[in-house]
Amino acid sequence: MISRDKVRYALTGPIMSLNTPFNLDGSIDYPGVRRIIDFTIAGGSKTIILTMGDGLFTLLTDQEVGELTKFVVNHVAGRAMVVAADKMWWTGKTVEFAQYCRGIKADMLMVQPPDWAASCTADTVVEHFSAVSNQIPVMLVTNFLEKWPLPRSVELFQKLRDRVPGIYAVKDDICGELGRRLGLIGRDRWAMFTSGTKRTVLANRPYGYEGYMSTFISFKPEIAQDFWKAVVKNDEAKILKIINEVDIPLWDFMELSPGGFDAIIHGILELKGLSQRWRRKPYYSLNDTEMEKVSQFLKTKGWL
């Protein structure tokens, strides 16, 4: 079983989240998965994370989630920490998947409980995490708490900290005041990192967050590493320069695109020769004209 020290080390700095690539016929582009993983590890990511969002689990069957997870573990082959992800399953199914992940030697499982119509309580969520963490070290992800009142979320964090020793890490998708309170509660026990923009990283870092999920690590890792070095050195001028000239322009460009930012990411991965632009329908994939616009944008920035 992986140690807490190794988890904290692996979740420091820029972290990669796998954007599952597809072929034009909708099948998973496994050669593309290999290339993305190899490129990202070479770029300095110490962790390969599968998520329900970037991993496009919304387009995958349960069987495909298991097959993709096993493929990633086997191809990484110990070169980085591998974090698997569930698919908002009920407790019994999640425990079963945790046992599977332990068997294929994934290092950790990111757990996202279902909570339709506020059907969970803090205590049932604690029971869920406790049952899963009996099988494999667990990562808490916060996005299922988006509609919870802050005091209720704080109560949950305190109970998870005190009652579930098998939680090793936190991926905070919500940030803001919830992230700050979470950091105050869990920073001494859990390895913590944020998703989102580089601006989010700065807001959360004083509260114990030592890593961030990076968009650039998958296609221009030098930018991700330069930003993190500037953060560690408290180089305010360089931090602001990267945010203003790199981070904001990319996100503004992506958010104006049809199909959302993930369509652009898949397009960028094709332009970098790593995988293909395609996503399963009904998700939108960029056409040739839109791909040319992405190419020109990257070239003007010196990223292609």
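The following legends describe close-up views of a predicted model.

View 1. Pro282 belongs to the loop that runs between α11 (260-271) and α12 (288-301). For context, most peptide bonds are trans.

**View 2. Ala117, a residue with positive phi.** Ala117 is placed in the loop between β4 (108-111) and α5 (122-133). Its backbone has a phi near 55°, which is positive although the residue is not glycine. Most residues other than glycine have a negative phi. Ala117 has a relative accessibility of 56% and therefore counts as exposed, the cut-off for that class being over 50%.

**View 3. Asn234 in the loop between α9 and α10.** The loop that holds Asn234 lies between helix α9 (221-232) and helix α10 (236-255). Asn234 is a residue other than glycine with a positive phi, near 55°. Because its relative accessibility is 64%, Asn234 counts as exposed.

**View 4. Leu184 and Gly208.** Leu184 is part of helix α7, which comprises residues 176-186. With a relative accessibility of 54%, Leu184 counts as exposed. Along the chain, Leu184 and Gly208 are 24 residues apart, and a distance of 7.6 Å separates their C-alpha atoms.

Technical notes:
Residues numbered from 1 in each chain as written. Predicted model: local features only at pLDDT ≥ 70, side-chain atom pairs only at ≥ 80, totals over all residues. Heavy atoms only, no water. Helix = DSSP H or I, 4+ residues; strand = E, 2+ residues; numbered from the N terminus. Buried < 20%, exposed > 50% of the residue type's maximum accessible area, 1.4 Å probe, protein only.
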